[in-house]
Amino acid sequence: MNKILVGIGGNLIPEGYSSLQDGLDAAIEMLEKYGIREVHCSSWYETSPLPKSDQPLFRNAVFSAVTDANPLQLLERLNDIEARIGRVRTTRNAARVLDLDILDFNAQLVDLENLTIPHPRMHLRAFVLIPLQEIRADYIHPVTKKPIISLINDLPDEQEISRLPD
């Protein structure tokens, strides 16, 4: 079994869902059908868009899980879940109903044309690191070799993030 960390978020209500959270919850419920099991999700956080824009605020979390998929199969499965919730890819950093990003895969380094693991910008994003610390306080970034608390301390101050009530 492969141990994975995945970032989940969105800032638009998917068509057919009553709220953004309903769409995010539906995505999490689909994971098992795709062979992604033992899901442990952080709290949800409200975050400002990066880079800063006039988009609606995002709702983000991080989950750990296990899968028998290899990295490319996992990417394909996550992209399929995004499409089923209604994500249409347009421009980079556009508003979206769902974003599922592979953050870590067995602490391995993967560098392919369409997939880089660990996620190349995860160490720069409060909306990844703060929820990740909640579920994996022992996490050490496989490239920088820094513990998560150091990565959080190195974050720029301008990223707005607040934990939502359970």
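User: Which residues lie nearest the centre of the largest pocket?
Analyst: Arg89, Asp99, Asp101, His119 and Arg121. They belong to a lining of 44 residues. Keep in mind that this is a predicted model.

User: Which elements give two or more residues to that lining?
Analyst: Three parts of the list are helix 2 (71–85), helix 3 (126–135) and strand 1 (2–10). The others are strand 4 (58–67), strand 5 (99–105) and strand 7 (115–117).

User: And which strand gives the most?
Analyst: Strand 5, with five residues in the lining of the largest pocket.

User: What volume does the largest pocket have?
Analyst: About 870 Å³.

User: How does its lining split by class?
Analyst: There are 19 nonpolar residues, 15 polar and ten charged.

User: OK, next. What about the second largest pocket's volume?
Analyst: That one comes to about 190 Å³. Its lining has 13 residues, and Lys3, Ile4, Ser64, Ala65 and Arg136 are the closest to the centre. Strand 1 and strand 4 each give two or more residues to this lining.

User: Which classes are in that lining?
Analyst: Seven residues are nonpolar, two polar and four charged.

User: Switching to cavities. How many of 30 Å³ or more does a search find?
Analyst: One, across the whole structure. The largest cavity has a volume of about 40 Å³.

User: What lines the largest cavity?
Analyst: Thr47, Ser48, Leu50, Ala126, Phe127, Gln159, Glu160 and Ile161. By class, that lining has four nonpolar residues, three polar and one charged.

Definitions and conventions:
Residues numbered from 1 in each chain as written. Predicted model: local features only at pLDDT ≥ 70, side-chain atom pairs only at ≥ 80, totals over all residues. Heavy atoms only, no water. 1 Å grid on protein atoms, 1.4 Å probe; cavity = no way out; pocket = protein on both sides within 12 Å on 5 of 7 lines; lining within 4 Å. Points joined across faces, edges and corners; volume = space filled by probe spheres on them. Helix = DSSP H or I, 4+ residues; strand = E, 2+ residues; numbered from the N terminus. Nonpolar A, V, L, I, M, F, W, Y, C, P; charged D, E, K, R; others polar.
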